[in-house]
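Colleague: Hello! Could you walk me through a few details of this model?
Modeller: Gladly, let's have a look together.

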Amino acid sequence: MKVEVSRRRFLQGSVALSIVAASSTASMNTTGKEKSKIVSNFGITKTTSKAKEIATLCEMCVNKCAAIARVEDGVITKLDPNPMFPKSKNMLCPRGNAGIQAIYDADRLKYPLIRDGKKGSGKFKRVSWDEAYEYIKEKMTEILDEEKDNRSTFLFCAGEGMAEHTFKTFYQAFGSSNWLNHASLCLQTVVSGYGVTLGKYPAADLENAKYVIMAGANRAEAIVTPDTMDFFKRTQKRGAKLICVDPRFTNTAAKADQWLAINPGTDLAFVLALTYVVLEDELYSEKYVSENFNGFDEYKNMVLRNSYTPEWAEKITGISANNIRTIAREFMINAPHAIYYPGRRSTFSKNDFQLRRAMAIFQGLGGGVDVKGGLVFGKTLKLKGHEALEPLYERAESRAVDKKSNRKKGESGYSDCAIISGGGSWISWRNRFIEDRMPYKVRGMFIYKHNPVLNMPNPKKTIEMLEKMDLVISIDTMPSDTVMYSDVVLPECTYLERTDPVKTFGGTQPSIAQRNKVIEPLYESKPVMEILKGLTQKISKPIFEITKKYDEDVKEEIADSSEKEVYDEFDLTKPFMLSQEELNEHAVHDYEGAAEALKKDGVFYPDLKKYYKRLSLNEYQYYTDNKKSYSINEGRPLTPSKKVECNLENLATKGIDPMPIWKDEYNFSVPEGKFRMITGRHAQFTQSGTANNVMLRDLISENYLWINKRVAKQRGIKFDDIVEVSSSIGSVILKAYPTEKVGPKVIFFVHGFGGNSESLTWAYKQGANDNAVIEDTVEPVYGSAAMHETNVEVRRV
Ligand code: SF4
């Protein structure tokens, strides 16, 4: 990024520790020699008698483990695990340890910026906060005036994080109807599939399970959290059996008792065949089913009538009928202490929603719902809400969707997908926008902690969307690929420089935890709370003037009362008047001593003092076993009917199959000479968000193409050869890794690499971006991105 900043001002912004000074050099076209100097400098850990320890929460991935930050002379020198948090059990993974680099990354966004060149050129000029706010105000009032106060002319989108709530507060007060978050690129189908079938997306009590099927969930590699460690260290050690179902021989497969190499996208056929065996042989829990199932007979008849036999599934999945029979029997022998692991991955194929329904029903057949050793819902400690501002703007249009008119019964209601969830369908929304299929003009966009250019299929289309927007405002910590296409960039401070909204963590051992500010924000960065406070102070009144001009309701209300009274309901500054610390104190007001404990220890639950103790070198007790919330609903689901819902007729009215069935269209064919592209995650990186972290890049610096060894040999491709992977939407270049760990018709490379932002010293053009070749296939129920529906070609370059 070419920022107009004098050398002198730049140095004023830096702090004294050597790692920071060394890293600062990196932003100025770092040489290879300088890079290695930076790496070696991370070995420095000062220890002085003045060291302070502050309890906080990690943000290097979604798990939010508790950490203790050591601060010396105003500098964070060490992050350690905080043993008091039941969710993280005294663990801080390598990625969590590398969080220190998030603060001292010289590439981070330091000052407010306004674009000073073509979008994507990376040319920005440094401005003051007031200048940035003023610029937004000018453009925003112009747009809203032209669009006659249609607040929905601004799209708001956000990535996952504890402060997403704060940003959403702004969206609600602003009055737009267009909100998109990461859900349709992430967990939408799994959360909804389990939600409608069992009443809630459950947790898995892996600690007490005896038998676990992990299908498409790569816990040993994709997300190494304390639960993962516990499972492989303790649960397996005491004899629990793990079946891994995955097209790749992953680290999870390596640790499993059995690995079944399934054809990608055919898990639904596998689960239906397991179900067939259980129904035909009557292996299910008759008591549980008769008391807790709705639509069981219809489901049973459907599965048996369709002959979803293991032999049928073998042809589709590639898993032998014998194996399917054995696993079905073993699962039910161990039920209810058997888990078909729900997983927490994105949508891979078009049938993902129905797959999750079938998995939830299969789990229910063994009675392993709301029970120790099975799937659990757990308890949640309630937080006090605070008043939200959600004014009604008469001119604000409803969410920009493409609703079908004259739709017949049983047909989907929308052109893109059957149901529009709160988080929306990112791909569908983007594609409609660039194809001019919006019901009204959307011209502006706020992006918070989100990198849609890298994180969703077909980046060319995302870039087209950003180029077409009149005003793009990004709030972020790093100069991501998306930031490069923004008009205004507002630098958020990193997670160790801010207090975030207090959060309640449900589960068998519920608790509340708080991310406390460890050091003051570096440079001119601010927490999103303060960014929005400053912004709303600048824009609130000017944009209310536009509302006054076009909103007939507001005009009438002013005539009936006074402008001051009416403005009071539209005052955007209101949600940001209190500090985050004050809001947090209010949220836990009902729990005696909680506010103080959260500041001091970062963690609170009512009986902590009574139960928390160290049991051995690295084992802690949080609740005694009889106080853990394994069962909160007497073993029943949490659906309104309190039953496992097999046959949901209301889905049929929306054009969705009421029961999970296999359809011919799910058969994916790979033409001769091509490969099905699959992707996944790696424990060292959180999507593209940590791609520039030099500590992590030291562990894995680029992604490799997994290609079957024999196929590679036939094509003359050797390890480290440069290859091109291309699909109908684009191509990428990366290095080859011929291996027997993937089948002959499948290729794989991990997500999170291949960024094009020149401002990211370490991430720039390292490896390949999977989304640059993944076609934008929309899953039909929620419009999620179906990531494994692309055929690609591979050639040696
Ligand atoms: S699993 Fe690792 S990266 Fe994720 S929150 Fe915990 S320590 Fe941080």
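Colleague: Let's begin with Trp662: does Trp662 count as buried or exposed?
Modeller: Keep in mind that this is a predicted model. The cut-off for burial is under 20% relative accessible area. Trp662 has a relative accessibility of 10%, so Trp662 counts as buried.

Colleague: Thanks! And what kind of ring pair do Trp312 and Trp662 make?
Modeller: Their ring centres are 6.3 Å apart, and centres within 6.5 Å make a pair. Planes over 60 degrees apart count as edge-to-face. Here the planes stand at 80 degrees, so the pair of Trp312 and Trp662 is edge-to-face.

Colleague: How many residues apart in sequence are the parts which that pair ties together?
Modeller: Trp312 belongs to helix α14, residues 310-317. Trp662 is in the loop between α26 (649-652) and β25 (675-678), so the pair ties together parts whose separation in sequence is 350 residues.

Colleague: Which ring has the charged end of Arg676 sitting over it?
Modeller: There are two such contacts I can show you. The charged end of Lys526 sits over the ring of Trp129, 4.5 Å from its centre. For Arg676, the charged end is 3.9 Å from the ring centre, and the ring belongs to Phe668.

Colleague: Now the ligand: how many charged residues does the shell around the ligand have?
Modeller: The ligand sits in the largest cavity. Its surroundings include Cys58, Met60, Asn63, Lys64, Arg95 and Thr225. By class, the shell has seven nonpolar and three polar residues, and the charged ones number two.

Colleague: What about the backbone: is the peptide bond from Ala335 to Pro336 cis or trans?
Modeller: Most peptide bonds are trans. Pro336 is in the loop between α15 (321-334) and β14 (338-340). With omega near 10 degrees, the bond from Ala335 to Pro336 is cis.

Colleague: One last point: is Asp436 buried or exposed?
Modeller: Asp436 has a positive phi of about 55 degrees although it is not a glycine, and it lies in the loop between α17 (426-434) and β16 (444-448). The cut-off for exposure is over 50%. Asp436 has 61% relative accessibility, so Asp436 counts as exposed.

Definitions and conventions: Residues are numbered from 1 along each chain as its sequence is written. This is a predicted model: local features need pLDDT of at least 70, side-chain atom pairs count only at pLDDT 80 or more; totals for chains, interfaces and linings use all residues. Side-chain values use heavy atoms; hydrogens and water are left out. Rings of Phe, Tyr and Trp (its six-membered ring) pair if their centres lie within 6.5 Å; planes under 30 degrees apart count as stacked, over 60 as edge-to-face and the rest as tilted. Helices (H or I, at least four residues) and strands (E, at least two) are DSSP runs, numbered from the N terminus. Buried means under 20% relative accessible area, exposed over 50%, partly exposed in between (1.4 Å probe, protein chains only). A charge sits over a ring if NZ of Lys or CZ of Arg is within 6 Å of the ring centre and within 35 degrees of the ring normal. A residue is near a molecule or strand if one of its heavy atoms lies within 4 Å of it. On a 1 Å grid over the protein atoms alone, a cavity is a set of points where a 1.4 Å probe fits but cannot get out, and a pocket is an open set with protein on both sides within 12 Å along at least five of seven lines; lining residues have an atom within 4 Å of a point. A molecule sits in a cavity or pocket if more than half of its atoms lie within 2 Å of its grid points. Ala, Val, Leu, Ile, Met, Phe, Trp, Tyr, Cys and Pro count as nonpolar, Asp, Glu, Lys and Arg as charged, and the others, Gly among them, as polar.
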